[in-house]
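Subject: Structure for your review

Dear colleague,

Please find below the structure that I am handing over to you, followed by an account of what was found in it.

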Amino acid sequence: MAEEIATLAGGCFWCTEAVYQNLKGVKAVESGYIGGAQPDPTYEQVCSGATGHAEAIRITYDPAVIGYGDLLDIFFATHDPTTLNRQGNDIGTQYRSAIFPHSPEQAEEARAGIDRAQADWANPIVTAIEPDASWYPAEDYHQKYWERVGDRNPYCMAVIPPKLAKLRKGFAERIEG
């Protein structure tokens, strides 16, 4: 089985990670930081906005089961790609909407994904397609956050269930049993 990688930034990584955890064909989801200047940043440094990194997720998936275009369609349906450097109350470049393609083919699919998604949004999509860059996994306590402790976090309880409802409504056939 071949595996590929997709790297997406759609605001808080706890929220985007939760969306992709239980999709058919997704083998792993890792929260981390990408697109900044400082090597090996910490969560506190990224949250300051000074490093230039985005909170992002790295998805390992089987393209025979779920395609990159499908991952992008889910991405655009489960976050607001029309707000610059913001998702809800999370404000700053670390919360930007961005795609980090790993190949020219992924870059082409990213542009097509933006075009497909624009029909669903009244405002222009501002999601950036940024060059692949060094990936820094987030600290262990951020990994699988929703699965482990999200239901005890009021922020997560306010933000993640509506994202999961959108996922179930639009992509039920993609969710694991």
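Strand β1 (4-10) is mostly covered, with five of its seven residues buried. Buried here means under 20% relative accessible area, exposed means over 50%, and partly exposed lies in between, with a 1.4 Å probe and protein chains only. Helices (H or I, at least four residues) and strands (E, at least two) are DSSP runs, numbered from the N terminus.

This is a predicted model, in which local features need pLDDT of at least 70 and side-chain atom pairs count only at pLDDT 80 or more, while totals for chains, interfaces and linings use all residues. Residues are numbered from 1 along each chain as its sequence is written, and side-chain values use heavy atoms, with hydrogens and water left out.

The sheet

Strand β1 belongs to an open sheet of six strands with mixed pairing, in the order β7-β6-β1-β3-β2-β8. At the edges are β7 (128-129) and β8 (136-137), each of which pairs on one side only. Two strands are taken to pair if DSSP finds at least two bridges between them.

On one side, β1 runs antiparallel to β3 and is joined to it by five bridges. Within this pairing, Ile 5 has Thr 60 as its bridge partner, and Thr 7 stands opposite Arg 58. Strand β1 is also joined to β6 by three bridges, again in the antiparallel sense, and there Leu 8 stands opposite Ile 99.

Strand β3 (residues 54-61) pairs with β2 (residues 26-34) as well, antiparallel and over eight bridges. Arg 58 of β3 stands opposite Glu 30 in this pairing, and Ile 57 of β3 is the bridge partner of Ser 31. Eight of the eight residues of β3 are buried, so this strand is largely enclosed by the rest of the structure. In a regular strand the side chains alternate between the two faces of the sheet. In β3, Ala 54, Ala 56, Arg 58 and Thr 60 point one way, whereas Glu 55, Ile 57, Ile 59 and Tyr 61 point the other way.

Contact means heavy atoms within 4.5 Å. Helix α3 is mostly covered, as seven of its 10 residues are buried. These are Tyr 68, Gly 69, Leu 71, Leu 72, Ile 74, Phe 75 and Phe 76.

Tyr 20

Tyr 20 is placed in helix α1 and counts as buried at 1% relative accessibility. Leaving aside neighbours within four places in sequence, Tyr 20 is in contact with Leu 8, Val 26, Val 29, Ile 57, Ile 59, Leu 71, Ile 74 and Phe 75.

The annotated residue

Cys 12 sits in the loop between β1 and α1 (13-20) and is buried, with a relative accessible area of 7%. Apart from neighbours within four places in sequence, Cys 12 is in contact with Glu 55, Asp 90, Tyr 95 and Tyr 155.

The largest pocket

The largest pocket has a volume of about 230 Å³. Of the 17 residues that line this pocket, Asp 80, Gln 87, Gly 88, Val 159 and Lys 163 are the closest to its centre. Helix α6 (residues 154-171) gives the largest share of the lining, five residues. On a 1 Å grid over the protein atoms alone, a pocket is an open set of points where a 1.4 Å probe fits, with protein on both sides within 12 Å along at least five of seven lines, and lining residues have an atom within 4 Å of a point. Grid points are joined across faces, edges and corners, and the volume is the space filled by probe spheres set on the points.

Backbone points to check

Asp 40, although not a glycine, has a positive phi of about 50°. Asp 40 is found in the loop between β2 and α2 (43-47) and is exposed, with a relative accessible area of 57%. Lys 144, also a residue other than glycine, has a positive phi near 55°. Lys 144 lies in the loop between β8 and α5 (145-149) and counts as partly exposed at 40% relative accessibility.

Yours sincerely

Definitions and conventions. Axes fitted to C-alpha atoms, helices over the stretch in contact; angles between N-to-C directions.
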